[in-house]
Amino acid sequence: MTLTTVPRKLASPALVLGIESSCDETGVALVQAQPGNAVPTLLAQALHSQIDMHQAYGGVVPELASRDHIRRVVPLVRQVMHEARHPLADLHAIAFTQGPGLAGALLVGAGVACALAAALGKPVIGMHHLEGHLLSPFLSADPPEFPFVALLVSGGHTQLMRVDGVGRYALLGETIDDAAGEAFDKSAKLLGLGYPGGPALARMAEFGDAEAFALPRPLLHSGDLDFSFAGLKTAVLTQANRLGKNACDLNRANLAASTQAAIVEVLVKKSLKALDATGLQRLVVAGGVGANLELRHQLQQACNKRGVRVHYPELALCTDNGAMVALAAAMRLQAGIAQPRYDYAFDVKPRWPLATLEAA
Ligand code: KG4
Ligand code: ZN
C-alpha cells in the first residue's frame, strides 16, 4: 500500500534535512522552514567533493562516485545534526535528490534518506536536482522575487526557464547537444587542463586574449532560445590540433580565453532574449557554470544597461550541495506542494526533465 500524505501548507516551523548525491559531491544540509513565505534558514551544511578522487581519471567514474557517497553520507549527516545541535528526532522530513544524475550515485542518497526516515518514522521527499539549483539564490544575501527568468548552466544542463513560483517552471529553451559546463570541461581537456575543466579553463583564460581565436557562437541568431555547444568543441579541437602538443602557455591561454568568451557571449545574449520574450525584469543564474566570473561580469554589465536585476547563489552554492536540496524541499513544504511520502520506495530518476515536475 502506498501511504502518501495529503500535501498541506506548514502549520509550524519544520526542520528539513537535505541529501545530495547525484554526481561527484556528497552534500548534506539542515534548513528550518517557517509557515508563510519567509525564506527558510540554513542551519548547517557539510560537503564532501570527490574531485581529488576523479582527477586521476580525467572525469567522473560513476562506480567510484557511488562507493564514495556510501562512505561519506552518514558521517556528513551526523556532522550537520551535531553542528545544528538537533537530534534526528527533531526532523520534520528528509529530502534527497531523486534525479536527474548518475543512477548509482542517486541510489545511495535515496537509500540512506529512506532508511533513516523509515527508522525515524518521518516522511521522505524526492527532489529534482535542477529545482535545487534554481532556488539556491534564495539563500543568498540578495534573494530574488518571483517571477524571473532562470539561466540554469551546469555540467549536464543548459536551460532557460520562466519561473513563476515554487514548482511553476516553463522551459523556454535548452541545449540541443552539449551543456555549457560540458563545453568548458571538454575544451579544458583539449587544452590539457585537469578535471573539472570549467574552473581550470577560467583560470587560464585570465592570462589570454579573448579575441585571439575566432570561434563560432552556435545558434546565436537562431531566433529561438536553444543552445548548441558541440560545434564549438569541434572548433576548439581544430585550433588545439593546429597549436600542437607543444603549444606555448600564451597560445593555450588565448585559446582558453577565446573559448570562454564564445560560451559566455551565447549565454548572455540568449538570456537577454529570454528576458525580452517574457517581458520579465529579473534574471537568476544557477548551476556550476554560474560560478564563472566572466559570465557574471558580462551578465551584470548587460543587465545593468537594461535595468534588469541579476541574482546568483553564493559562489559556494553554485556547484552541487545539500543546502539547495533542503531549501527546495522546505520551500515546497511552505507552498503546500511538497509530496512527503511514507512508502520509502526509493525509485530514482536519472533522466527527469524539470518542466515535467508537478507543481502539486
Ligand atoms: O552544477 P554542477 O556542480 O553539477 C551539475 O549539476 O552538473 O556543475 C558542474 C559544472 C562543471 O561542468 C564545471 O566545469 C562547471 O560547472 N564549472 C565552471 C566553473 N565552476 C564550475 N565552469 C566555468 N567556470 C567556473 N568557474
Ligand atoms: Zn548540479
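Leaving aside its neighbours within four places in sequence, which residues is F146 in contact with? I will start there, with the reminder that what we are looking at is a predicted model. The residues in contact with F146, once those sequence neighbours are set aside, are L135, F138, V163, D164, G165, V166 and M331. F146 itself is found in the loop between α4 and β6, and, with a relative accessibility of 30%, it counts as partly exposed.

R282 takes us to strand β9, which covers residues 282-286 and is mostly covered, with 5 of its 5 residues buried. If you follow the side chains along β9, you will see that R282, V284 and A286 point one way, that L283 and V285 point the other way, and that all of them are buried.

Let me turn now to the metal site, and to the zinc ion that is ligand 2. Which residues coordinate it? They are H129 through NE2, H133 through NE2 and D320 through OD, at 2.0 Å, and along the chain these donors follow the spacing H-x3-H-x186-D. H133 lies in helix α4, residues 129-135, whereas D320 lies in the loop between β10, residues 309-311, and α10, residues 322-335, so this pair ties together parts of the chain that are 187 residues apart in sequence. Are H133 and D320 buried or exposed? H133 counts as buried because its relative accessibility is 1%, and D320, at 12%, counts as buried too.

Next comes the open sheet, in which 5 strands are arranged in the order β3-β2-β1-β4-β5, with mixed pairing. The edges are taken by β3, residues 41-49, and β5, residues 124-128, each of which has a single partner strand, so one side of each is left without a neighbour in the sheet. From one strand to the next the twist averages 20°. Within the sheet, strand β1, residues 14-20, pairs with strand β4, residues 91-99, in the parallel sense over 5 bridges, and L17 stands opposite I94 in β4. Helix α10 lies across β1, β2, β3, β4 and β5, and its direction is at about 140° to that of β1.

Finally, I would like to look at one helix pair, namely α6, residues 197-205, and α8, residues 249-278, which pack at an angle of about 115° with their axes 7 Å apart. The crossing of α6 and α8 is left-handed. On the α6 side the contact involves L201, A202, M204 and A205, and these meet R252, A253, A256, A257, T259 and Q260 in α8; by type, the residues of this contact divide into 7 nonpolar, 2 polar and 1 charged.

Technical notes
Residues are numbered from 1 along each chain as its sequence is written. Chains are lettered from A and ligands numbered from 1 in the order in which they are written. This is a predicted model: local features need pLDDT of at least 70, side-chain atom pairs count only at pLDDT 80 or more; totals for chains, interfaces and linings use all residues. Side-chain values use heavy atoms; hydrogens and water are left out. Donors are N, O and S atoms within 2.8 Å of the metal (3.2 Å for Na, K and Ca); water is not among the atoms, so sites may look incomplete. Helices (H or I, at least four residues) and strands (E, at least two) are DSSP runs, numbered from the N terminus. Buried means under 20% relative accessible area, exposed over 50%, partly exposed in between (1.4 Å probe, protein chains only). Axes are lines fitted to C-alpha atoms, for helices over the stretch in contact, and angles run from 0 to 180 degrees between N-to-C directions. A crossing is left-handed if the near helix is turned anticlockwise from the far one by less than a right angle, and right-handed if clockwise. Contact means heavy atoms within 4.5 Å. Ala, Val, Leu, Ile, Met, Phe, Trp, Tyr, Cys and Pro count as nonpolar, Asp, Glu, Lys and Arg as charged, and the others, Gly among them, as polar. Two strands pair if DSSP finds at least two bridges between them.
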